[in-house]
Amino acid sequence: MEPPDLNTATPGDVTVQLTAAQKEVMISGKKVLAETYNGSLVGPTLHAVPGQRVTLKLKNNLDTATNLHFHGMHLSPKGSADNIMLSAQPGQTLTYHLDIPANQAPGTYWYHDHEMCFRDGESMPGMEMSSRNGESMPGMEMSSAPAKARCNGTESQIGAGLSGTIIVGDSRESLPPAYRGITAHTLALKDAQISGSSSIVYPDGILEPASPTVRLVNGQYRPTLNVKAGETQLWRIANEGYAILYDLQLDGGSFTVINQDGIPSAAPTRATHLRVPPGRRLDVLVTAGAPGSTWLRTLAHETGTEGDGDVYPDTTLMKINVKKGGGSEGSAAAGGPSGMATAPRIAGPLPGSEPDLSGEPIAQSRSVALSDDGGNNFWINGKLFDMKKPTFKKPATLGTVEEWTLTNTSGHDHPFHLHIAPFQVLSVNGRAQPPADYMDTVSVPHAVNGKAGKVVIRIRFTDFTGVWIFHCHITGHEDNGMMGYVNVVAADSTV
């Protein structure tokens, strides 16, 4: 039930290819037209190791412009790296050159379309557009879309299927020796809304997060995962959908969270359920109980106040069959409850975890206000995204730490995502968070009785100057204005 692998993990430099194309896929025994990478509804898993160069060729066989964002990866926003200003037109091949940093944390990341739909002559400050024979050259960018070219945005392309997993290194290596050889599974969560013409609603209609939807694990409807009694496994959970939060529960069991958004935990914790907004990834340990079966499900939840947020029902996602033998001889296998038992306790901090920034000097404090008009306009600091105007006049400086206060005056939650680097969450609605809470996507709570939801984060700007994008990861909100950027400059800059 695993997604296909694009490559195997090797220390040497690699060249791989993704082909974006429409293709019929099977969902619960039914043929459905989707947008795929290499023919798979969940794109093939890219494996990389720290210090490696990955050359990735994106061949566009769609009838719309497309590109890639390497979500959570610490890569340059310029040239042919994690540059969302690049765009491959139908029939073109766009080449990315990804220099994986030697200190890139081992964990789970993902890739997806992030098409900006620029028109001819448009670009962001400092972003030049050029091309060579339909294929990008090192440090160069593809040409922007001609004025009459069709361009579907990020929501439609991720919603139609264009996303996949990236695994850097192996997060099991940060665990105590007894856990380094355990079985690992990738669980890519996404959903599909099927139209009357047996395609994912694009291009047939409009995605609506609250509409009836088919919840999928690795592109499959209610698949089965087999585990041996007493066995502990690592599950790499990634929400690779376009808009919908998952509130995960393992019936009769719990999770030990060892890695969030690719960052090893400073304080691994056990949890009975996991809230996973779009874009989030969690590496967790689970331990099977006695033989039997149980379910991984997403609990019923609302994303906002009545009439504003979306309402989702309790839904089973994946059946877990626990079989006899092969696991440890502990109480879980020998006489505990059937299904999943309590997950193990792991002491932190784990190697590769990030330092606590709460005592660091702050170079600047900034405010990011998320709001909307109740329709199709979504704002940051009262403005729709403008590619020619940074959200803040004053740039950030490499090597400094900033504190940002994220507020949400709307009636529904907004998952806030920052490109290029993770951040530490200091507080949520005034409640202090543990230092382990590093992530690159955080859900900013909705307003209650007129009081805005608030999250305070700290960010260390390292390595890369240029445009650092941030936005709501409900992609329809992003496409309709809830996106911004900060310019990052070198310490000796006179800007």
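## Pockets and cavities

The lining of the second largest pocket splits into 13 nonpolar, 13 polar and six charged residues. For these classes, Ala, Val, Leu, Ile, Met, Phe, Trp, Tyr, Cys and Pro go down as nonpolar, Asp, Glu, Lys and Arg as charged, and the others, Gly among them, as polar. In total 32 residues line this second largest pocket, and P209, D310, F378, I474 and H477 are the closest to its centre.

A word on the model: it is predicted, with local features needing pLDDT of at least 70 and side-chain atom pairs pLDDT 80 or more, while totals for chains, interfaces and linings use all residues. Residues are numbered from 1 along each chain as its sequence is written, and side-chain values use heavy atoms, leaving out hydrogens and water.

On a 1 Å grid over the protein atoms alone, a pocket is an open set of points with protein on both sides within 12 Å along at least five of seven lines, a cavity is a set where a 1.4 Å probe fits but cannot get out, and lining residues have an atom within 4 Å of a point. Grid points are joined across faces, edges and corners, and a volume is the space filled by probe spheres set on the points.

| Space | Volume | Lining |
|---|---|---|
| Largest pocket | about 740 Å³ | 27 residues |
| Second largest pocket | about 630 Å³ | 32 residues |
| Largest cavity | about 70 Å³ | 10 residues |

Now for the largest pocket, where Q260, R275, R280, Q433 and M439 lie nearest the centre. The elements giving two or more residues to its lining are β14 (255-260), β15 (263-271), β16 (273-276), β28 (423-428) and β31 (441-444). Strands here are DSSP runs (E, at least two residues), numbered from the N terminus. β15 supplies the largest share of that lining, with five residues. Sorted by class, the lining of the largest pocket has 14 nonpolar, seven polar and six charged residues.

What about enclosed space? There are four cavities of 30 Å³ or more in the structure. The residues closest to the centre of the largest cavity are P77, D82, I84, V467 and I469, and its lining has seven nonpolar, two polar and one charged residues.

Finally, take a look at P101, in the loop between β6 (93-99) and β7 (107-112). P101 counts as buried because its relative accessible area is 13%, with buried meaning under 20% (1.4 Å probe, protein chains only). Setting aside neighbours within four places in sequence, P101 is in contact (heavy atoms within 4.5 Å) with P50, G51, H74 and L75. P101 and M73 sit 28 residues apart in sequence and 9.1 Å apart in space, C-alpha to C-alpha.

Key
Helix = DSSP H or I, 4+ residues; strand = E, 2+ residues; numbered from the N terminus. Buried < 20%, exposed > 50% of the residue type's maximum accessible area, 1.4 Å probe, protein only.
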